[in-house]
Structure formats: C-alpha cells, structure tokens
Amino acid sequence: MTVERPDITTEDPDLVAFDNETDVTETLPTSGNPKRVLVIKLSAFGDFILSIRSFQAIRAHHPNADITLLTTKPYVALAKTSGCFNSVLTDSKPKIYEIPSILKLRKTLRSHKFDRVYDLQRNERTGFYYKLFPATKPEWVGNVRGCSHYYEKPTEGIFHISVREKAQLAVAGITNIRLPDLSFIKADVEDLALPRSYALLVPGGAPHRPEKRWPVERYSELADHMTHLGITPVIIGTKAERTECDQIKTTCSAAVNLCGKTSLEQIAVIARKAQFSVGNDTGPMHLISAAGCPVIVLFSNASDPNKISPIGPDVEIIQVDDLQDLELEKVAAVLPASKMR
C-alpha cells in the first residue's frame, strides 16, 4: 500500500500521530534561564538527523547559553559544524562493568556544572547517566522518574519519533520547531562530476536487515527507466554495498556510481540539486530528505513508517508487506514528474 500522510508545513512539520493525537504532556514552567545546557543524542544515524531540528530549536530557545552535545563518534563532525553547540563530548557508551570509563564519564559530566539537560535519547543508558550527577540534579528534560521536566511517553496510538520529541521539548517551553535547516553543511562536490539533471538511488541498508531492501534488479530497472526520462541515475552507497551498486551500473551504463566515494556532507550537498531520490528505509534517506530533496522511501512490514520515516518538504512513502513483491510500475508512478526537466 502507499501510505498517505498529512500535509507538512514549516509551522507544524511533524508527521503527526496516525491515531487521534491527544495531549501527552503538560507544559511546566521553566526555572530561569539556564546558562550551561547539555543535549544528549547518541545514535543512530537516522535518529540523529531527525533530531537536528530539535538541536536548532534548543539553540534558538537558549541563544546565549553554553550548549554541549554528548554524542558518539560518527556524529561529532556534523554536530560541530551545525552551529548549535559550543562544544561536543564523545561518549564511548561504556558497559556497566567498565568502571574506569564510567568514573571518567561521571567526572566529565559533573565538571561542566550543567544547569539543564535535554535527554533526546530517552533510554536506559541515559537514565543511568542521570544517576551519575550529584544529589542536586540539573534540570532534566526527559523520561527519568523524578526529573524536573518529565515527559510521559504515550501508551496508546502510533507516534513518529519526531512527534514524541516535539512533545518532550514542549514540556520545557520549546514549541517553535520547524523543518531542519541543513544549509550549514558544506562540501566540495566538483570532483564527483555530476551531470546536469540527476536523481539519487539508495539501494543499500543495514546488512543484517535484508528484508528492508528492494531487490537490486528492480533498482536496475528503475535506473534504466530514469534514463528514458532524461535523468541520470546517481547511485549512493557504502563500500559494503558495492556489489549492489556495481550491479546497477552494469545494467545501466549511463548511471553514475558513487558507491564508497561520498562523505555524509557530500551526500547532503548533492541532494540539494537532485531531482528526487528513491531508496530503502535507511539512514542516508533521512539526510537526503532533510536536505530538501523530494524522496520516495520504500518500506516493507519490517519497519513502521508511522514511527521512523524521514521528514522533509516532500516525502512519499510506499509500503508493501514484502519488498520482493513491489513492482517497478508502482514506484515509477509516483516519481515527481513535475520536477523533471
């Protein structure tokens, strides 16, 4: 089935709950103007991209605060260039038995004397981090029992992660949340020798989740179809996906194969000028969509687009129980022909 979604606006860009959404939080008064703020967002890639708009809303809400991000190594560079943070701390995610690493993390967290923490990860690990702070806790915006700004996760209905995050920030008085602005991402793409009119294909995905991938043979057919529309397919993927990307290139010689040749920053930059992108439910599609590129994302029943689909100005979802059964014609029918030249 093709999943229909509500219109997305810059004032309310959420996907919105697919059940009737009810008030799940009560906005609490904020205590003054925190000077030292910690934001926690550790992983994964798609989730991190979805949280960029929250980072930007937090920065706008605390324009003069010293804001620190606690994240994991893959996202440090992106966070540093975002303009949202004064500093970035790297979390090695120590195991509970790695006592020296935990003590080091505790010392780091306490030394910054944070006034407020926005826990955007909201899991058992960050609940444990709450306990690493001294008895007098900083204000904590999250779902740790006893914290100052408690977000109650809804128990009924299906809510997109961005909807839940928006409700969490509303508890702390942050309500002006818009689509993410990735204009801060810069990269030189001249060496990629991109054609004038192109669209992106993202045939990869998590190697341990093959059920989330549309067959490479269908991508090859789609690439050939695109060339007949006057659009050059540009294939994006990691080195681990080289076999699939090479197979598409072999079938469609006109395609440009950039597998293993692009950084995250370059993907965002080339997405801005792409006619559209077609890809599986995988992290790069979140980045491409947030960069403003029209995207068509293919879902099987292995994941729920109501909870975790990309957000952006133009997102089309196609979901079928088994992607092996998704025919080329169904994907070709929703290509944004009005944007084709």
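Let's start with Glu165, which counts as buried at 3% relative accessibility; buried here means under 20% relative accessible area, with exposed over 50% and partly exposed in between, using a 1.4 Å probe and protein chains only. A word on the source: this is a predicted model, where local features need pLDDT of at least 70, side-chain atom pairs count only at pLDDT 80 or more, and totals for chains, interfaces and linings use all residues. Residues are numbered from 1 along each chain as its sequence is written, and side-chain values use heavy atoms, leaving out hydrogens and water.

So which side chains does Glu165 meet in a salt bridge? One is Lys41, at 4.0 Å, N to O. By salt bridge I mean a side-chain nitrogen of Lys or Arg within 4 Å of a carboxyl oxygen of Asp or Glu. Glu165 sits in helix H6 (161-171) and Lys41 in the loop between strand S2 (36-40) and helix H1 (45-50), so this pair ties together parts 124 residues apart in sequence. Helices (H or I, at least four residues) and strands (E, at least two) are DSSP runs, numbered from the N terminus. Lys41 is buried too, at 1% relative accessibility.

The other is Arg122, at 3.9 Å, N to O. Arg122 lies in the loop between strand S5 (116-119) and helix H5 (124-132), 43 residues from Glu165, and both residues are buried.

Next, please look at Arg213, whose side chain meets that of Glu244 in a salt bridge at 2.8 Å, N to O. Arg213 is in the loop between strand S8 (198-202) and helix H7 (216-228), and Glu244 is in helix H8 (242-251), so the pair ties together parts 31 residues apart in sequence. Arg213 is buried, with a relative accessible area of 15%.

Through shared partners, salt bridges join Lys41, Arg122 and Glu165 into one network. The count by this rule comes to 9 salt bridges.
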